[in-house]
Amino acid sequence: METDTRRIPRSEWKAFFDGFSRRHAGWLATLRILTPRLGAQIQALELPLEGIEADRESISIHMGERPERHIAHPVEKPVQAWVELETDGAERALEIESATGTKTILEFRSALPPDMVDGVLAPARG
């Protein structure tokens, strides 16, 4: 399936990531970090997304839900953010680039089109 990538303007980060967090809370995702020096590293493998906190100066990705598996990944000095969309509009992945050239990529196990997201039940917590 083809994809399309859309840049998220810095002025829209807070609203975009707040909405993104609501739409995808509990979805299984993998968090990859690509650094110029070390290459690709997996930070989290198929953990539920808790949410993304963002403002114009910082972004922090929270995953894991349970305390023993919780990951809080700060993106140091973010300068660009993109969302990858399937042709049907489903949000498949995020890429955030920092001033150091490090890229943080959050990718869902599977993406659903927007009209199906409202009908998805949140996972049981406990």
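## A polar contact to start from

A polar contact of 2.8 Å links the side chains of Glu91 and Arg23; the term covers a pair of N or O atoms within 3.5 Å, where, within protein, one must be able to donate a hydrogen and the other to accept it, and residues adjacent in sequence count only if both atoms are side-chain atoms. Glu91 belongs to strand S7, and at 10% relative accessibility Glu91 is classed as buried. The cut-offs for that word are under 20% relative accessible area for buried, over 50% for exposed and partly exposed in between, with a 1.4 Å probe and protein chains only.

Glu91 has another polar partner: the side chains of His24 and Glu91 are joined by a polar contact of 2.5 Å. His24 sits in helix H1 and is buried at 1% relative accessibility. Setting aside neighbours within four places in sequence, His24 is in contact with Leu49, Glu91 and Phe108, contact being heavy atoms within 4.5 Å.

## About the model

This is a predicted model, in which local features need pLDDT of at least 70 and side-chain atom pairs count only at pLDDT 80 or more, while totals for chains, interfaces and linings use all residues. Residues are numbered from 1 along each chain as its sequence is written, and side-chain values use heavy atoms, with hydrogens and water left out.

## The chain as a whole

Now for the wider view. The chain has two helices and eight strands, and from the N terminus on its elements run β-α-β-β-β-β-β-β-β-α. Helices (H or I, at least four residues) and strands (E, at least two) are DSSP runs, numbered from the N terminus.

Of the chain's 126 residues, 37% count as buried. Among contacts in the chain with a separation of 6 or more, 49% come from residues 24 or more positions apart.

## The sheet

Eight strands make up an open sheet in the order S1-S6-S7-S8-S2-S3-S4-S5, with antiparallel pairing. Strand S1 (3–7) and strand S5 (71–75) are at the edges with a single partner strand each, so one side of each has no neighbour in the sheet. From one strand to the next, the twist averages 35°. Axes here are lines fitted to C-alpha atoms, for helices over the stretch in contact, and angles run from 0 to 180 degrees between N-to-C directions. Two strands pair if DSSP finds at least two bridges between them.

Let us walk through some of the pairings. Strand S6 (residues 78–86) and strand S7 (residues 91–98) run antiparallel and are joined by seven bridges; the bridge partner of Trp82 in S7 is Glu95. Helix H1 (residues 13–24) packs on the sheet, touching S1, strand S3 (39–54), strand S4 (59–63), S6, S7 and strand S8 (103–108), and its direction makes about 95° with that of S3. Strand S2 (residues 28–35) pairs with S3 in the antiparallel sense over seven bridges, and a hairpin of three residues joins S2 to S3. Leu34 has Ala40 as its bridge partner in S3. S2 also pairs with S8, in the antiparallel sense, over six bridges, and Leu31 stands opposite Leu106 in S8.

## Aromatic rings

Four aromatic pairs turn up in a search of the whole structure. Rings of Phe, Tyr and Trp (its six-membered ring) pair if their centres lie within 6.5 Å; planes under 30 degrees apart count as stacked, over 60 as edge-to-face and the rest as tilted. Phe16 and Phe17 have ring centres 5.2 Å apart and planes at 80°, so this pair is edge-to-face. Phe16 is buried at 10% relative accessibility, and Phe17 is buried at 0%.

Ring pairs link Phe16, Phe17, Phe20, Trp27 and Phe108 into a cluster.

## A closer look at Val79

Val79 is found in strand S6 and is partly exposed, with a relative accessible area of 37%. Not counting residues up to four places away in sequence, Val79 touches Arg10, Trp13, Glu97, Ser98 and Ala99. Val79 and Ser58 lie 21 residues apart in sequence and 9.2 Å apart in space, C-alpha to C-alpha.
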